[in-house]
Amino acid sequence: MAGVSVGELVEDFALPDETGRLRRLSEFLADGPVVLFFYPAAMTRGCTAQSCHFRDLAAEFAAVGAQRVGISRDPVQRQAEFSRRNDLDFPLLSDPDGAVADRFGVRRRLPLGALSTRRMTFVIGTDRRVVEVVHSELDMNQHADRALKALGG
């Protein structure tokens, strides 16, 4: 799948968060731009570093009015444990069948176990248009840093 590019409209979707509550992209966008970051697997070293960097920049994201939302194929219970262990202050969505990952083009063709999802971040404006796409498997901080820059932060 090609994936979502800058300037494209993103379709609404609904997935459960770490509490099991069904959340919609449109619900988040009602409060401002959304920084949707995909990560391969909760509680792995790289994903913890990536998520904690988003957590540590809470004030900067609040200053630009943006919502941070993490998403992986982990089940709700694992997302809850990941959030609790790392004091994450943003929703973690569970996409166990990879349907949303497919729509964004972040699912690998040849799954590598826990690495079946590419590490990518999409900055989505309130008009549902993609403002920025960040793809880096190795630089965990780049995702939040480039998202903030795209939002003028």
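Predicted model: local features only at pLDDT ≥ 70, side-chain atom pairs only at ≥ 80, totals over all residues.
Q: Which residue in E6 is the bridge partner of Val 34?
A: E3 and E6 run antiparallel and are joined by five bridges. In E6, the partner of Val 34 is Ile 124.

Q: Which residue in the turn between E6 and E7 has a positive phi?
A: E6 and E7 run antiparallel, with five bridges joining them. Thr 121 stands opposite Val 134 in E7. The two strands form a hairpin with five residues between them, and the turn residue with a positive phi, of about 75 degrees, is Arg 128.

Q: Is Ser 83 buried or exposed?
A: Ser 83 is found in helix H4. Leaving aside residues up to four places away in sequence, Ser 83 touches Glu 18, Leu 88 and Leu 92. A residue is buried when its relative accessible area is under 20%. The relative accessibility of Ser 83 is 10%, so this residue counts as buried.

Q: Which helices do the buried residues of H2 pack against?
A: Helix H2 (residues 45-56) has 12 residues and reaches 16 Å from its first C-alpha to its last, close to the 16 Å expected. Its buried residues are Gly 46, Cys 47, Gln 50, Ser 51, Cys 52, His 53 and Phe 54. These pack against strands E3, E4 and E6, and against the helices H3 (58-63), H4 (76-86) and H6 (140-150).

Q: Is the pair of Phe 37 and Tyr 39 stacked, edge-to-face or tilted?
A: The model has nine aromatic pairs. In this one, the ring centres are 5.8 Å apart and the planes stand at 35 degrees, which makes the pair tilted.

Q: How many residues apart are Phe 38 and Phe 122?
A: Phe 38 and Phe 122 form an edge-to-face pair, with 5.9 Å from centre to centre and 85 degrees between the planes. Phe 38 is buried at 1% relative accessibility, and Phe 122 is buried at 0%. The pair links distant parts of the chain, since Phe 38 lies in strand E3 and Phe 122 in strand E6; their separation is 84 residues.

Q: How many residues does the second, separate core have?
A: The largest nonpolar core has 22 residues, of which Phe 13, Leu 36, Phe 38, Phe 104, Phe 122 and Ile 124 touch the most other members. The elements giving two or more residues to this core are H1, E3, E4, H5, E6 and E7. Val 35, Phe 61, Val 123 and Ala 144 are among the members of the second core, whose residues number 18.

Conventions:
Residues numbered from 1 in each chain as written. Heavy atoms only, no water. Helix = DSSP H or I, 4+ residues; strand = E, 2+ residues; numbered from the N terminus. Expected span 1.5 Å × (residues − 1). Buried < 20%, exposed > 50% of the residue type's maximum accessible area, 1.4 Å probe, protein only. Contact = heavy atoms within 4.5 Å. Phe/Tyr/Trp six-rings, centres within 6.5 Å; stacked < 30°, edge-to-face > 60°. Core = buried A, V, L, I, M, F, W, Y, C linked by side-chain atoms within 4.5 Å. Pairing = 2+ DSSP bridges.
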